[in-house]
Amino acid sequence: MLEEILKSLLYNINIYNKNETGLTKKAIGYYIEKGLLKPEINENQYRSFSDNDISILKKIAFYRKLELNISEINKVITGNEIDELSRILILKKEKLNINVEKNSIMEEYVSGNKSSAFLKLEHIEKNKTIKEKLLDCFPGYFGRYITIHFSNFLNEPISTSDQEEAYDIIIKFLDNVDKIEFPERAKEFIDEMSSIYDNNILNSMSENYMKTVNQDFDSYWKENEDTIKEYYEIKQTDEYKESEAAEFQSLMKLFYEESGYYDILIPAMKKISPSYLEFYNKLNNFSKKLLKVFPEAIETDKTPIEK
């Protein structure tokens, strides 16, 4: 019995090792949740992944890199692979935002040149931005929230060993942190923001934030003192405290404090993104000045000020 338990544990460790399937634990859990595969639960209550499950996971990783959605992947792995891919290819060609290079890779794959398709896709992967890599690894709401949160600081590929090291830390942190159950309204917001990744809206939001922390604080406080005080007064009302916005803020504040977010993720983000490091330092200084003239702010908001 002990030998069987150890075998089961080792097998699951190999499956959940990113090098085995190209997928993180949370990504595998997400695809199981979406019904793309159904590993057996053995008598020890561990998921037991068959060779076929491994094969499916590797195909899912490949299809996700080609930007197939969950519904498309489900049709491919449950139907005739080549027929479904050919159908999807035709539909994708009809779209205005067609990705010519990836569709060319899919054409090679469909025509039988699988090794060439994998090599070309690997080349594309190396040039992906940090944001794109994170979205691949964490396709659920959690990954999308993180990429929205750091949106404008992740639009560059990894090019140094320090960035590689920081990226590995980020992946390990995100993959092992407890899953967050987002409220429905938060999911709707994430869905809405995710749908505009290709527009300039997220970048504009980040740029406006940068403008705020770049300006002279005394002038900013003089112009916005009443508005800021009113904002914090609203956050103290019973109406706000019972709102979904307050519920979500409390949820995230608890996550930030208990998960290692400030001790692990933020230092890695500063290391992987020079632009985020610059922003963080400026925001840190800005927050210190705000707390000096308005100490009540620390009672309601967690600031990025380092201890």
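## Rings and a tucked-away lysine

Tyrosine 256 and tyrosine 261 are both buried. Keep in mind that you're looking at a predicted model.

Why does tyrosine 256 count as buried? Its relative accessibility is 13%, and buried means under 20%. Tyrosine 262, on the other hand, is partly exposed, with a relative accessible area of 26%.

Now for how these rings sit together. A pair of aromatic rings is described by the distance of the centres and the angle of the planes.

| Pair | Centre to centre | Between the planes | Kind |
|---|---|---|---|
| Tyrosine 256 and tyrosine 261 | 4.2 Å | 40° | tilted |
| Tyrosine 256 and tyrosine 262 | 5.8 Å | 65° | edge-to-face |

The 65° pair is called edge-to-face because its planes are over 60 degrees apart.

How many aromatic pairs are there? The count comes to 25. Ring pairs also join up into a cluster, made of Phe217, Tyr220, Trp221, Tyr231, Tyr232, Phe286 and Phe294.

Take tyrosine 280: the charged end of lysine 270 sits over its ring, 4.2 Å from the centre.

Next, have a look at another lysine. Where is lysine 102? You'll find lysine 102 in helix H7, which covers residues 100–110. Is lysine 102 buried or exposed? It counts as buried, because its relative accessibility is 6%. Leaving aside residues up to four places away in sequence, lysine 102 touches Lys65, Leu66, Glu67, Ile124 and Lys128.

Technical notes:
Residues numbered from 1 in each chain as written. Predicted model: local features only at pLDDT ≥ 70, side-chain atom pairs only at ≥ 80, totals over all residues. Heavy atoms only, no water. Phe/Tyr/Trp six-rings, centres within 6.5 Å; stacked < 30°, edge-to-face > 60°. Buried < 20%, exposed > 50% of the residue type's maximum accessible area, 1.4 Å probe, protein only. Lys NZ or Arg CZ within 6 Å of the ring centre and 35° of its normal. Helix = DSSP H or I, 4+ residues; strand = E, 2+ residues; numbered from the N terminus. Contact = heavy atoms within 4.5 Å.
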